[in-house]
Amino acid sequence: MRKPIIAGNWKMNKTTSEACELVNALKEKVADIADVEIVVAPPFTALWSVSEAIKGSNIKLSAQDMHWEKSGAYTGEISPLMLKDVGCEYVIIGHSERRMYFAETNETVNKKVKAAHEYSIKPIVCVGERLEEREVGITNDVVKDHVTNGLAGLTAEQMLATIIAYEPVWAIGTGKTATPEQAQEVHRFIREILADMYSSEIAEQVRIQYGGSVKPDNIAQLIAEPDIDGGLIGGASLDVESFIKIVKLGK
Ligand code: PEP
């Protein structure tokens, strides 16, 4: 059985005090939830204080990106060693905003995913098509390219410790959610790609989240689909009440 995973991507929002306020309110209200894995991804500056605030709770910490090297002359970058040091169990890699604004490619995604595994940090790898790609009917080609190249060369064990987030770019922050059927179709397709890359046993065990304008009023229909194992939540994770509702409905 794949345990559902709901992760909040806070993007470039929240000062350290705002981040702690949010996570302190959250941890009280989700304390009794054991059947959903709950992850928050604050900005780098708030990782340490959030890490301290969630100690002993059922909330896990993620970063939103990282460099692939352990250390060195990479001004402005953060390494996997540093993320491990502040208590990150997860790291989001290849978010469409990083692909769009910061020249992230499948090649850099792949280096980062491998580096994350070297430090036993579980990568949440984002894949998904842009609107113009869906409109010309190449969604599957784009997703296959992201999956096969972004995840190339992982061992079966590393694959099992990797989360894939299917995020159609046209649904991120736009209020346009993919229908549960549209999302399910791509999630199933991703499982078929994984079956070709590894085996059907492995493909059935990998968790695949959906992301893109997930809200309390659409999570239940999405999660009801057989191949959707949770959500990567942007905007709605910044509001404690809506994130709590999503977590509670996300199983
Ligand atoms: C995201 O940033 O990964 C995301 C899905 O954002 P939103 O929920 O705001 O669409």
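## Exercises on a barrel model

**Exercise 1.** Find the residues in contact with Ser213, leaving aside its neighbours within four places in sequence. Then state what stands out in its phi, and whether Ser213 is buried or exposed.

*Solution.* Step 1: contact means heavy atoms within 4.5 Å. By this rule Ser213 meets Ala171, Gly173, Thr174, Gly175, Lys176, Thr177 and Asn218, with neighbours within four places in sequence left out. The model is a predicted one, in which local features need pLDDT of at least 70 and side-chain atom pairs count only at pLDDT 80 or more, while totals for chains, interfaces and linings use all residues. Residues are numbered from 1 along each chain as its sequence is written, and side-chain values use heavy atoms, with hydrogens and water left out.

Step 1: Ser213 lies in the loop between E7 and helix H11 (219-223). Helices (H or I, at least four residues) and strands (E, at least two) are DSSP runs, numbered from the N terminus.

Step 2: phi of Ser213 is near 55 degrees, a positive value in a residue other than glycine. Most residues other than glycine have a negative phi.

Step 3: buried means under 20% relative accessible area, exposed over 50%, and partly exposed in between (1.4 Å probe, protein chains only). Ser213 counts as buried because its relative accessibility is 9%.

**Exercise 2.** Describe Ser120 by its phi, its place and its accessibility.

*Solution.* Step 1: although Ser120 is not a glycine, its phi is positive, at about 55 degrees. Step 2: Ser120 is found in the loop between helix H5 (106-118) and strand E5 (122-127). Step 3: the relative accessibility of Ser120 is 56%, so Ser120 counts as exposed.

**Exercise 3.** Give the order of the strands in the barrel, then work out how E8 is paired and covered.

*Solution.* Step 1: the closed barrel has eight strands, in the order E1-E2-E3-E4-E5-E6-E7-E8, with parallel pairing. From one strand to the next, the twist averages 25 degrees.

Step 1: two strands pair if DSSP finds at least two bridges between them. Strand E1 (residues 5-9) pairs with E8 in the parallel sense over four bridges, and Gly8 has Ile233 in E8 as its bridge partner. Strand E7 (residues 207-211) also pairs with E8 in the parallel sense, over two bridges; here Leu232 in E8 is the bridge partner of Gly211.

Step 2: in a regular strand the side chains alternate between the two faces of the sheet. In E8 (residues 230-233), Gly230 and Leu232 are on one side, Gly231 and Ile233 are on the other, and all are buried.

**Exercise 4.** Identify the residues of the largest nonpolar core that touch the most other members.

*Solution.* Step 1: a nonpolar core is a set of buried Ala, Val, Leu, Ile, Met, Phe, Trp, Tyr and Cys residues joined through side-chain atoms within 4.5 Å. Step 2: the largest such core has 65 residues, of which Val40, Val50, Val143, Ile164, Ile190 and Tyr210 touch the most other members. Step 3: helix H9 (residues 180-197) gives the largest share of this core, six residues. Step 4: a second, separate core of 11 residues includes Ala7, Val39, Ala165 and Leu232.

Methods:
Axes are lines fitted to C-alpha atoms, for helices over the stretch in contact, and angles run from 0 to 180 degrees between N-to-C directions.
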